[in-house]
Amino acid sequence: MNRVSQADPIPEVGASELASFLSNYYRPEQPVIFRGIVKTERSVEQIRELLCDRIAKDDTKTARLMWFDVKPDLLQDLCDVPEAVSTTLDPETAFLRDNCVRVWFNPAGHMTPWHYDGHSLHVFNLQLKGKKRWTIVSPDTPLLNMPFSKTCIFENNAVDNKRHYEFDLDEGDMVFLPRYWYHHVESLGDMNVNVNWVLMPKAEPADTVIARREAEVLWLMQKLYPVLPSGNKWMLDHFAGAGKPALGTLTDEVSFGRGVARVVKEAVRFPLVALAIPTQIKKARTVLASKKLLRGLVPATS
């Protein structure tokens, strides 16, 4: 497989090039940027205050570790939904959550630790206000994960030998991040407001190293369901907003042999975890700082 050097730019596509986006990026599950796809005349403080007020009054919201999950109508009159998003948020072709929008507030200097997203989710990440610097790595040249986890063991990861892209998202830009792509994000603007739309395609994922890993880990969790902690059971029951139907598109083809082999592959990583204790402490501090920020912005959320 070809490697992408640090100097190679991430592909870009115009807002009106829907057919090109669907055929060249969405279906093959390849990342791409839409430049200047959304414009708003409101200031960052006006946007932040408006979103926080709506979130505080929304009884259906969910406060996650570093963001809020909300319904799409919370964005009404705030920003237009790009055509690429509205076209793919189709219940005929994708599993959708009721709260399929994520809202992020990050101050300058915030670092999102290396990870890939769960629930087999495609993400459209809109930089509504501010600026962020992204590094993303292909699921076919993976980084080293914590055992049975989507987060990475180390943060200082060398990516020169990986298929990767490095780019900035400026105000009004949107990146399509396909499922299982690793990402590390640094906030550059004084206050950064991001809006995500998330979905899980009903089509089978592209055949990558991490797609196979995820299928095998989920298969194991399904087999161990009766003895899992309640949080893991909840995740399986609500996977991608659909539960078993969504899981089935990923795990139906996993054999017993593949499942057992996955246990061995994950177990050999445990000794490395001890070497990464400082990294894990740093990650925990990042999460706690983000939760504190969210509580400060929206006191009604605990």
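Tutor: Two strands pair if DSSP finds at least two bridges between them. Strands (E, at least two residues) and helices (H or I, at least four) are DSSP runs, numbered from the N terminus. This is a predicted model: local features need pLDDT of at least 70, side-chain atom pairs count only at pLDDT 80 or more, and totals for chains, interfaces and linings use all residues. Residues are numbered from 1 along each chain as its sequence is written, and side-chain values use heavy atoms, with hydrogens and water left out.

Student: How many bridges join strand 3 to strand 5?

Tutor: Strand 3 covers residues 68-70 and runs antiparallel to strand 5. D69 stands opposite R102 in strand 5. The bridges between strand 3 and strand 5 number three.

Student: Which residue of strand 12 stands opposite N106?

Tutor: Strand 12 (residues 191-201) runs antiparallel to strand 5, with seven bridges joining them. N106 faces N192.

Student: How many of the seven residues of strand 5 are buried?

Tutor: Buried means under 20% relative accessible area, with a 1.4 Å probe and protein chains only. Strand 5 spans residues 101-107 and is mostly covered. Its buried residues number six.

Student: Is V38 buried or exposed?

Tutor: V38 sits in the loop between strand 1 (32-34) and helix 2 (44-57). Exposed would need over 50% relative accessible area. V38 has 8%, so V38 is buried.

Student: What is the C-alpha to C-alpha distance between V38 and V101?

Tutor: V38 and V101 are 63 residues apart in sequence. In space, the distance is 16 Å.
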